[in-house]
Number of protein chains: 2
Amino acid sequence: MDAVFKALADASRRDLLDRLRAENGQTLNQLCAGLAGMTRQAVSKHLALLEQANLVATVKRGREKLHYLNPVPIHEIGERWIGKFECSRLQALSDLKKALEAGES
Amino acid sequence: MDAVFKALADASRRDLLDRLRAENGQTLNQLCAGLAGMTRQAVSKHLALLEQANLVATVKRGREKLHYLNPVPIHEIGERWIGKFECSRLQALSDLKKALEAGES
DNA sequence: TTGACAGGCAACCAAAAGGTTGCATATTGT
DNA sequence: ACAATATGCAACCTTTTGGTTGCCTGTCAA
């Protein structure tokens with residue numbers, strides 16, 4: 001879970017996931033083409049982190065490696081983490097409003 | 001948005017949010033008590049990042065500073081980011097399965 | 001008024017993160 | 001077989017991050 005949050009912390013990696021969502025099963029070089037101004041090795045490292053976080057799964061296909069999006073960990077973030085904050089949303093805002101009013105007095 | 005993901009990347013900060021959800025409106029010292037083995041300044045820095053990401057709002061109350069959870073940015077992550085991956089969940093898994101089968105042949 | 005308490009600020013430090021260059025390895029097409 | 005293609009691995013560098021120590025400021029209470 002920590003690995004997932006860390007992996008999502010970088011904008012380039014989020015972009016890679018976006019790109020995989022648009023077209024699943026891309027190779028490293030295909031993904032490099034989209035992320036301009038970065039070497040292949042840098043992209044490769046990002047993909048390695050995403051793979052480690054189980055956000056992408058890879059399949060070796062001859063000399064190329066296909067990258068597939070795995071949305072399950074992202075879904076789990078929503079289930080476990082956002083869900084439990086969701087229920088406290090209105091309460092938290094209410095608390096804050098009260099505190100602001102109390103602070104003025 | 002980037003600040004929110006970066007803020008959520010650290011386990012200590014996620015813990016602080018959890019703690020604020022459990023009891024909203026805590027002071028810095030109260031939050032320090034829970035996060036053992038860390039100096040007040042370290043916790044203060046974490047809270048500053050969370051505040052910068054708009055995940056907590058603060059109210060100065062005399063000589064103490066109350067911290068309030070703001071769940072809205074987390075909710076926005078769910079809306080904008082998880083939502084759009086949600087719809088591709090089954091498709092992605094299907095693609096992956098096909099790729100695995102193709103790789104075996 | 002004078003401690004004691006709550007917090008802020010700045011300098012500093014070690015470790016991790018993001019990126020690069022260079023070279024090695026495996027696969028494919030001709 | 002051999003050249004081109006696709007990727008992997010390792011060393012290295014710079015910036016960011018997480019954390020510390022030391023000191024300063026503001027507020028409350030006796």
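Asp, Glu, Lys and Arg are counted here as charged, Ala, Val, Leu, Ile, Met, Phe, Trp, Tyr, Cys and Pro as nonpolar, and the others, Gly among them, as polar. In these terms, the surface near DNA strand D comprises four nonpolar, nine polar and eight charged residues. The structure described is a predicted model.

Around DNA strand D there are 21 residues, of which Thr27(A), Asn29(A), Thr39(B), Ala42(B) and Gly62(B) come nearest. The elements that give two or more residues to this surface are helix 3 (28-34), helix 4 and strand 2 (64-69) of chain A, together with helix 4 of chain B. The largest share, four residues, is supplied by helix 4 of chain B.

DNA strand C is surrounded by 20 residues, and the closest of these are Thr39(A), Gly62(A), Arg63(A), Thr27(B) and Asn29(B). Two or more residues of the surface near DNA strand C come from each of helix 4 (40-52) of chain A and helix 3 (28-34), helix 4 (40-52) and strand 2 (64-69) of chain B. Here the largest share, four residues, belongs to helix 4 of chain A. By class, the surface near DNA strand C contains four nonpolar, nine polar and seven charged residues.

The relation between the two protein chains was examined by superposition. Chain B is brought onto chain A by a rotation of 180° with 0.0 Å of shift along its axis, at an RMSD of 0.0 Å. The two copies are therefore related as by a two-fold rotation axis. Both copies use the same surface, since 100% of the contact residues of chain B recur in chain A.

In the interface itself, 32 residues of chain B are in contact with 32 residues of chain A. On the side of chain B that touches chain A, the elements giving two or more residues are helix 1 (2-8), helix 2 (11-22), strand 1 (56-61), strand 2, helix 5 (72-86) and helix 6 (89-104) of chain B. The residues on that side of chain B divide into 18 nonpolar, seven polar and seven charged.

The largest nonpolar core has 46 residues, and among them Leu50(A) and Leu50(B) touch the most other members. When neighbours within four places in sequence are left aside, the contacts of Leu50(A) are Ala7(A), Arg13(A), Leu16(A), Leu17(A), Leu55(A) and Val56(A).

In chain A, strand 1 (residues 56-61) and strand 2 run antiparallel and are joined by six bridges. Within this pairing, Lys60(A) stands opposite Lys65(A) of strand 2. The two strands of chain A form a hairpin with two residues between them, and Gly62(A) in the turn has a positive phi of about 70°. In chain B, six bridges likewise join strand 1 to strand 2, and these strands run antiparallel. His67(B), in strand 2 of chain B, is the bridge partner of Thr58(B). The hairpin formed by strand 1 and strand 2 of chain B also has two residues between the strands, and Gly62(B) takes a positive phi near 65°.

Most residues other than glycine have a negative phi. Asn54(A), although not a glycine, has a positive phi of about 65°. This residue of chain A is placed in the loop between helix 4 and strand 1. With 14 other C-beta atoms within 10 Å, Asn54(A) is partly exposed. In Asn54(B), a residue other than glycine, phi is likewise positive, near 70°. Asn54(B) lies in the loop between helix 4 and strand 1 of chain B. It has 14 other C-beta atoms within 10 Å and is therefore partly exposed.

Val72(B) is located in helix 5 of chain B. Val72(B) counts as partly exposed because it has 15 C-beta neighbours inside 10 Å, a number that falls between the limits of 12 or fewer for exposed and 20 or more for buried residues. From C-alpha to C-alpha, Val72(B) and Arg21(B) are 13 Å apart in space, and 51 residues separate them in sequence.

Methods
Residues are numbered from 1 along each chain as its sequence is written. Chains are lettered from A and ligands numbered from 1 in the order in which they are written. This is a predicted model: local features need pLDDT of at least 70, side-chain atom pairs count only at pLDDT 80 or more; totals for chains, interfaces and linings use all residues. A residue is near a molecule or strand if its C-beta atom, placed from the backbone, lies within 6 Å of it. A nonpolar core is a set of buried Ala, Val, Leu, Ile, Met, Phe, Trp, Tyr and Cys residues joined through C-beta atoms within 7 Å. Two residues are in contact if their C-beta atoms, placed from the backbone, lie within 7 Å. Copies are superposed by least squares on the C-alpha atoms of residues with pLDDT of at least 70 in both. Two strands pair if DSSP finds at least two bridges between them.
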